[in-house]
Amino acid sequence: MRRVEAEHLWPDAVAVALRRFECAFRQPGRFLDDPYDSPGIEIEDGRDDLEVALRYLPGGARADLGRLVARIDAEFERRTLPNPGRVSEWTAGRWWWRRIRER
């Protein structure tokens, strides 16, 4: 993990991304509000970081993180709605950016 973070992300990027989702999923209710005070920091950014880690991790570590990400994805999908109008080149392959979190 450390090598992947050093080469493709930054130190503790995966742990920070996982904490973002943990914090967001602790919120009560169906929909996810933005749990951060800093503009521009979104849980979707954390999912981007997890995707990078999955791309570069070796097999066993990728499988372990993949199981966590599958649970995160299922909960994120459950607590958001599709936004078909948000399809773009930028969101291609990143379905989590094509979801609506707000009510």
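Me: How do H2 and H4 lie relative to each other, roughly parallel or roughly perpendicular?

Reply: Roughly parallel. This is a predicted model, and in it the axes of H2 (residues 13-25) and H4 (residues 59-78) cross at roughly 30 degrees. Angles under 35 degrees count as roughly parallel, so that is the label the pair gets.

Me: What distance do the axes of those two helices come within?

Reply: They come within 11 Å. The angle and the distance belong together, because two packed helices are described by the angle between their axes and the distance between the axes.

Me: And the crossing, left-handed or right-handed?

Reply: Left-handed, as H2 passes H4.

Me: Which residues make the contact?

Reply: On the H2 side you have Val14, Leu18, Phe21 and Phe25. H4 brings Leu65, Leu68, Ile72, Glu75 and Phe76.

Me: How many of those are nonpolar, polar or charged?

Reply: Eight are nonpolar, one is charged, and there are no polar ones.

Me: OK, switching to rings. How many aromatic pairs are there?

Reply: The count is four aromatic pairs. One of them is Phe21 with Phe25: the ring centres are 5.6 Å apart and the planes sit at 50 degrees, so that pair is tilted.

Me: Why tilted?

Reply: Because planes under 30 degrees apart count as stacked and over 60 as edge-to-face, with the rest being tilted. The 50 degrees between Phe21 and Phe25 falls in that remaining group, so tilted it is.

Me: Where do Phe21 and Phe25 lie?

Reply: Both are in helix H2, four residues apart, which is about one turn of the helix. They also belong to one aromatic cluster, together with Phe76, Trp95 and Trp96.

Me: Is Phe21 buried or exposed? And what about Phe25?

Reply: Phe21 counts as buried, at 3% relative accessibility. Phe25 is partly exposed, with a relative accessible area of 21%.

Me: New topic: what's with the phi of Asp12?

Reply: Asp12 has a positive phi of about 65 degrees, although it is not a glycine. You'll find Asp12 in the loop between helix H1 (2-8) and H2. Asp12 is partly exposed, with a relative accessible area of 36%.

Technical notes:
Residues are numbered from 1 along each chain as its sequence is written. This is a predicted model: local features need pLDDT of at least 70, side-chain atom pairs count only at pLDDT 80 or more; totals for chains, interfaces and linings use all residues. Side-chain values use heavy atoms; hydrogens and water are left out. Axes are lines fitted to C-alpha atoms, for helices over the stretch in contact, and angles run from 0 to 180 degrees between N-to-C directions. Angles under 35 degrees count as roughly parallel, over 145 as roughly antiparallel, 65 to 115 as roughly perpendicular and the rest as oblique. A crossing is left-handed if the near helix is turned anticlockwise from the far one by less than a right angle, and right-handed if clockwise. Contact means heavy atoms within 4.5 Å. Ala, Val, Leu, Ile, Met, Phe, Trp, Tyr, Cys and Pro count as nonpolar, Asp, Glu, Lys and Arg as charged, and the others, Gly among them, as polar. Rings of Phe, Tyr and Trp (its six-membered ring) pair if their centres lie within 6.5 Å; planes under 30 degrees apart count as stacked, over 60 as edge-to-face and the rest as tilted. Buried means under 20% relative accessible area, exposed over 50%, partly exposed in between (1.4 Å probe, protein chains only).
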